[in-house]
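Me: I would like a close look at one part of this structure, the region where the two chains meet. Please describe the contact itself, the charged pairs and the open spaces around it.

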Amino acid sequence: MNALVRSAGFLTSVQDLGRPGYRQSGVSAGGALDSFALRVANALIGNEDNAAGLEATLGTLRLCFNDERVVAWCGGGFTARIGDEKLPPGHAGLVAQGQELVLTAPEKGARAWLAISGGINVPLVLGSRSTDLRGNFGGLEGRTLRDGDRLPLGDDGGSEIAALWGSRKIAKWTAPNPWVATTRRAPFLRIVQGPEWNRFTADAQTALLKTAFAVTPDSDRMGARLEGPSLNRADTRDLLSEAVAPGTLQVPPNGQPILLLGDCQTIGGYPKIAHVITVDLPIAAQLWPGDLVRFSEVSLADAQELVREREENYARFRVGLSLHRS
Amino acid sequence: MRIEPLGDSALIVRVVDEFALDPDASLSAVLAALRALEAAAIPGVIELAPAYTTVAMFFDPARVAPDEIGQPPFDSLRNKIESLLNRGPVDRKPKGESAAIEVPVCYEGEFAPDLAEVARHAGLSEDEVLRRHSSASYRVTCVGFTPGFPFLSGLPSELATPRRAMPRKEIPAGAVGIGGAQTGIYPRKSPGGWNLIGRTPLRLFDVQREQPALFQAGDRVRLRKISREEFDSLSR
């Protein structure tokens, strides 16, 4: 049982929820840049949260399966079709054997996460099926997909779920819209102060919170490089390298901040002026060169409470889905 | 010791204030803190990562157990960490530290394109640079940059050489370099700006191994100068 990649698109890779536990060896946690979107897509089709799916960047991804599969996707403003029928984000859809699933370049946003019933069954490497594109391991041979690739799929075809929809090919149930469609135009990303916030000038602190920054072309899964007013340091002493995390806004000597994303290095020596909060990382994962982004400050306690709330809502959503099916 | 948030899902424990004063003692203190935090297995903690003077703790704020007074996850973790690490003097004895890892390094020919520059900068002969580089004892201060890359302290200060103005686009796996006051080994082909003076045939990073990186922070390292013949036979 496998998926045939008829068209791999611009940059598509196998991702699960990442590879925690190896930072001591310099391995980033990686995984889906918007891990919450992948969890929601998995939940919609009855997969485990951590089942491996595909992260598509721009388009056009074309897949077909040699058996029946249920799929769902979340993320940017893509258009998806199963055969002739449109598959909106956040809905489970049934793909018959040999039918084509197409994910077309987004009108806005950059990435989408596609879950396939049974999950993509590539071997576990260091406990994860995620592709580490920096280290070239995990996923399918440690690389992005190519036209003609075959992806091994897990056993559960998901027909049982689809049988619950009657004659429909697309399930009615869905997840909250902000979870499944994550692109925001010129978004505000909420931040908390970083360890070196006070090493920056008052002007730099103000500029970070009052100015729009543009995403530059040399952005990737490691980070979004931003362009805007120069964020200057009041204290220019060198720092020893220490841990960084997805969401960290670090500032190299040129004063132009870099927003670190899932594949970022494990350590860095640039000062960390702020961090984008966890619940806003899905919006950050949709940023594309040319996009504008702004920042607003929240307290650490609020940021952590937002994570807790989201997990509560997600747990309820999972229970709700299982009631649908019972 | 200071504990600071690193975003909403991680924090940094600053175990010692200054690394340069006594790198060896700093690393031992950081490792002792790392072991103590590992042993505590605090619920909600995902992983720990040491570097120089710090231990970073990554956690899931939704899974950190609230304490009696219902403080936010960061405050609750900070209190736990403080009471764990302030339980008396941190054990700084090198308990359980294994012997130095010996790394064979060939310093010859094509493996040492920047040896002349390092020698010129140090005002020493090339042979003397190699003698000093291969007889020092080193310690891994952190692993990162690329998976398995060890940053080593203990470089004789006269060998410190600024990074190259123009980084190389491609440095081969196993290349041994000097970047400022540190020396290190590139685990895999990558770009980099360090001055290259040798190469090891060892595989520093291998996902097939249970412990994929050859080095961990705190490890002691000795470099053994080998001939091109020995390099070739070890590479097979």
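Reply: What follows goes through the interface, then the salt bridges, then the pockets and cavities, and ends with some points of backbone geometry.

The model is a predicted one. Between the two chains, 47 residues of chain B are in contact with 37 residues of chain A. The area buried between chain B and chain A is about 3200 Å², and carbon and sulfur atoms give 60% of that area. On the chain B side, the residues that lose the most area to chain A are Leu6(B), Asp8(B) and Glu47(B); together they make up 18% of what that side buries.

Three salt bridges are found across the interface of chain B and chain A. In one salt bridge between the chains, Glu242(A) pairs with Arg14(B), with the closest N and O atoms 2.7 Å apart. Arg14(B) also forms a salt bridge with Glu4(B), where the closest N and O atoms are 3.1 Å apart. Buried means under 20% relative accessible area. Arg14(B), with a relative accessible area of 11%, is therefore buried, and Glu4(B), at 17%, also counts as buried. Both residues belong to a network of salt bridges that links Glu196(A), Glu242(A), Lys272(A), Arg2(B), Glu4(B) and Arg14(B).

Over all chains the count of salt bridges comes to 41. Two further pairs lie within chain B. Arg132(B) forms a salt bridge with Glu158(B), the closest N and O atoms being 2.9 Å apart. Arg132(B) is partly exposed, with a relative accessible area of 26%, and Glu158(B) is partly exposed at 30%. The side chains of Glu230(B) and Arg224(B) meet in a salt bridge with an N to O distance of 3.0 Å. Here Glu230(B) has a relative accessible area of 27% and is partly exposed, and Arg224(B), at 29%, counts as partly exposed.

Now the open spaces. The largest pocket has a volume of about 1700 Å³. Its lining has 45 residues, of which Gln265(A), Gly269(A), Tyr270(A), Phe145(B) and Arg163(B) are the closest to its centre. Strand 14 (223-227), strand 17 (258-260) and strand 18 (267-268) of chain A, together with strand 11 (190-192) of chain B, each supply at least two residues of this lining. The largest share, three residues, comes from strand 11 of chain B. By type, the lining of the largest pocket divides into 22 nonpolar, 13 polar and 10 charged residues.

The second largest pocket has a volume of about 960 Å³. Of its 37 lining residues, Leu17(A), Ser35(A), Thr278(A), Ser9(B) and Ile46(B) are the closest to its centre. Elements that each supply at least two lining residues include helix 1 (35-44) and helix 6 (300-325) of chain A, and strand 3 (45-51) and strand 4 (54-59) of chain B. This lining divides into 18 nonpolar, nine polar and 10 charged residues.

The structure also holds five cavities of 30 Å³ or more. The largest cavity has a volume of about 60 Å³. Residues of both chains line the largest cavity, among them Arg23(A), Gln24(A), Thr266(A), Ala49(B), Cys142(B) and Ala217(B). Strand 3 and strand 6 of chain B each supply at least two residues of that lining, which divides into six nonpolar, two polar and one charged.

Last, the backbone. Most residues other than glycine have a negative phi, and most peptide bonds are trans. Phe145(B), one of the residues closest to the centre of the largest pocket, has a positive phi near 70°. Phe145(B) lies in the loop between strand 6 (137-143) and strand 7 (150-153) of chain B and is partly exposed, with a relative accessible area of 24%. In chain A, Leu58(A) has a positive phi near 50° and is found in the loop between strand 3 and strand 4 of chain A. Thr60(A) lies in that loop too, and a cis peptide bond with omega of about -20° joins Gly59(A) and Thr60(A).

Conventions
Residues are numbered from 1 along each chain as its sequence is written. Chains are lettered from A and ligands numbered from 1 in the order in which they are written. This is a predicted model: local features need pLDDT of at least 70, side-chain atom pairs count only at pLDDT 80 or more; totals for chains, interfaces and linings use all residues. Side-chain values use heavy atoms; hydrogens and water are left out. On a 1 Å grid over the protein atoms alone, a cavity is a set of points where a 1.4 Å probe fits but cannot get out, and a pocket is an open set with protein on both sides within 12 Å along at least five of seven lines; lining residues have an atom within 4 Å of a point. Grid points are joined across faces, edges and corners, and a volume is the space filled by probe spheres set on the points. Helices (H or I, at least four residues) and strands (E, at least two) are DSSP runs, numbered from the N terminus. Ala, Val, Leu, Ile, Met, Phe, Trp, Tyr, Cys and Pro count as nonpolar, Asp, Glu, Lys and Arg as charged, and the others, Gly among them, as polar. Buried means under 20% relative accessible area, exposed over 50%, partly exposed in between (1.4 Å probe, protein chains only). Contact means heavy atoms within 4.5 Å. Buried area is the accessible area (1.4 Å probe) that two parts lose on being put together, summed over both. A salt bridge is a side-chain nitrogen of Lys or Arg within 4 Å of a carboxyl oxygen of Asp or Glu.
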